[in-house]
Amino acid sequence: MPPSFTPCLINNPIDDPGLLVSFSFQNRAIAFDLGDISNLSSREILKISHIFISHTHMDHFAGFDRLLRITLGRDKKLYIYGPEGFLDNIEGKLSGYTWNLVKNFSNQLTIHASEITENTLISQEYLCQNGFKPVREPLRQKFCHQKIHEESSFHINASILDHGIPSLGFALKEKFQVNIRKDALETLNLIPGEWIEQLKRSVFEKNDPESIVEVPYNKNDITTLKKYKLKDLIDQLILIRDGRKIAYVADAAYTPDNVEKIIKLSKNADHLFIEAAFLEQDIGHASEKKHLTARQAGELAGLAGVKRFTLFHFSPRYQKSEELFYAEAKKAYQKNKRRD
């Protein structure tokens, strides 16, 4: 069965950072950072439901305007998270436009924005037909273990890193994977369709095992609906495996505190997306600008025990040097790779 989600960098490594995570068999995606998103089609942008912003330097946040432009006038809810000061940033963006026409819109675009500080989520809501004015006083809630968002099948953790300003790193972790046995489908003469995704959701959501599910059934070229108890379908069709984990780390200084946080955030990830702005020969520039070198990125990937890593956010001073970044990072990765 295909993976439940597919992560892909929005741009090439030398351009603006951003990661799009598309969910299989769902008309849905989430994004980490919103720099230049002109490589995304309107259709891809409209799939985005949740956005996680590391920090609001222009190359990580300028794409918010395009996202807003594409979603405006549609019945949609957007959830967006960012670091300390993020609500002011969002309100500054929204107040930069004139909204005298939106009261006539029949569809409601709603933006739920959350600002992440140490152990606190500060949230606000903005409605299109209200000219995107804040709807109330900000809500504050405590959160623990860095978990900022949770759904039935996965959760997302955040860690506050130092980039001279707060910069968030993120990790997406599936609770487990639900796979379908294709051989069992064929043996039972069941026809694949939308009901399979509904079956998977019922496993994550722990629906009543005695509930009745109707599924399309084909026998002798005659298609009918056949009734099963949910628990019987699960027993015959479902395989449970460990969930996948991806991590995203952009713009962070190589400090002892950041090193500890990045290793903890990305520990045992299946895929780590990590910035590497400079080569080790320019470590002075990296330190001054509070970025990682390729060697440092590879070292962190090794110490965290990740299975795979992808580098991005190369400084424009390096043209056509991707192989140099990976040679440096892979050497450090192998040297520091955890063996447990």
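A cavity is a set of points, on a 1 Å grid over the protein atoms alone, where a 1.4 Å probe fits but cannot get out, and its lining residues are those with an atom within 4 Å of a point. The structure in your viewer is a predicted model, in which local features need pLDDT of at least 70 and side-chain atom pairs count only at pLDDT 80 or more, while totals for chains, interfaces and linings use all residues. Residues are numbered from 1 along each chain as its sequence is written, and side-chain values use heavy atoms, with hydrogens and water left out.

**The cavity**

Begin by selecting L9, I10, N11, N12, P13, D15, D16, P17, G18, F312 and H313, which line the largest cavity. Its volume is about 30 Å³, where a volume is the space filled by probe spheres set on grid points that are joined across faces, edges and corners. A search of the whole structure finds 1 cavity of 30 Å³ or more. The lining comprises 5 nonpolar, 4 polar and 2 charged residues, with Ala, Val, Leu, Ile, Met, Phe, Trp, Tyr, Cys and Pro counted as nonpolar, Asp, Glu, Lys and Arg as charged, and the others, Gly among them, as polar.

**Two pockets**

A pocket, by contrast, is an open set of points with protein on both sides within 12 Å along at least five of seven lines. For the largest pocket, select S4, Q26, S153, E197 and F204, which lie nearest its centre among 24 lining residues. This pocket has a volume of about 410 Å³, and its lining divides into 10 nonpolar, 7 polar and 7 charged residues. Colour strand 12 (176-180) and helix 6 (194-204) next, since each supplies at least two residues of that lining; helices (H or I, at least four residues) and strands (E, at least two) are DSSP runs numbered from the N terminus.

The second largest pocket holds about 350 Å³ of space. Of the 15 residues that line this pocket, Q146, A158, S159, K264 and L265 are the closest to its centre. Strand 10 (154-162), strand 11 (166-174) and helix 8 (256-266) each give at least two residues to the lining, and the largest share, 5 residues, comes from strand 10.

**From helix 8 to D270**

Move on to D270, in the loop between helix 8 and strand 17 (271-275). A polar atom of the D270 side chain lies 2.8 Å from the backbone nitrogen of K245. Apart from neighbours within four places in sequence, D270 is in contact (heavy atoms within 4.5 Å) with G243, R244, K245, K307 and R308.

Now select helix 10 (residues 294-304), where 9 of the 11 residues are buried, so the helix is largely enclosed by the rest of the structure; buried means under 20% relative accessible area with a 1.4 Å probe, protein chains only. To see what covers these buried residues, show elements including helix 8, strand 17, helix 9 (283-289), strand 18 (309-312) and helix 11 (322-336). After helix 10 comes G305, whose phi is positive, near 70°.

Finish at strand 5 (residues 76-83), which is likewise largely enclosed, because 6 of its 8 residues are buried. Strand 4 (residues 48-52) runs parallel to strand 5 and is joined to it by 3 bridges, with F52 opposite Y81. Strand 6 (residues 109-117) is also parallel to strand 5, here through 8 bridges, and G82 stands opposite E115.

Note on methods:
Polar contact = N/O pair within 3.5 Å; in protein donor to acceptor, adjacent residues only side chain to side chain. Buried < 20%, exposed > 50% of the residue type's maximum accessible area, 1.4 Å probe, protein only. Pairing = 2+ DSSP bridges.
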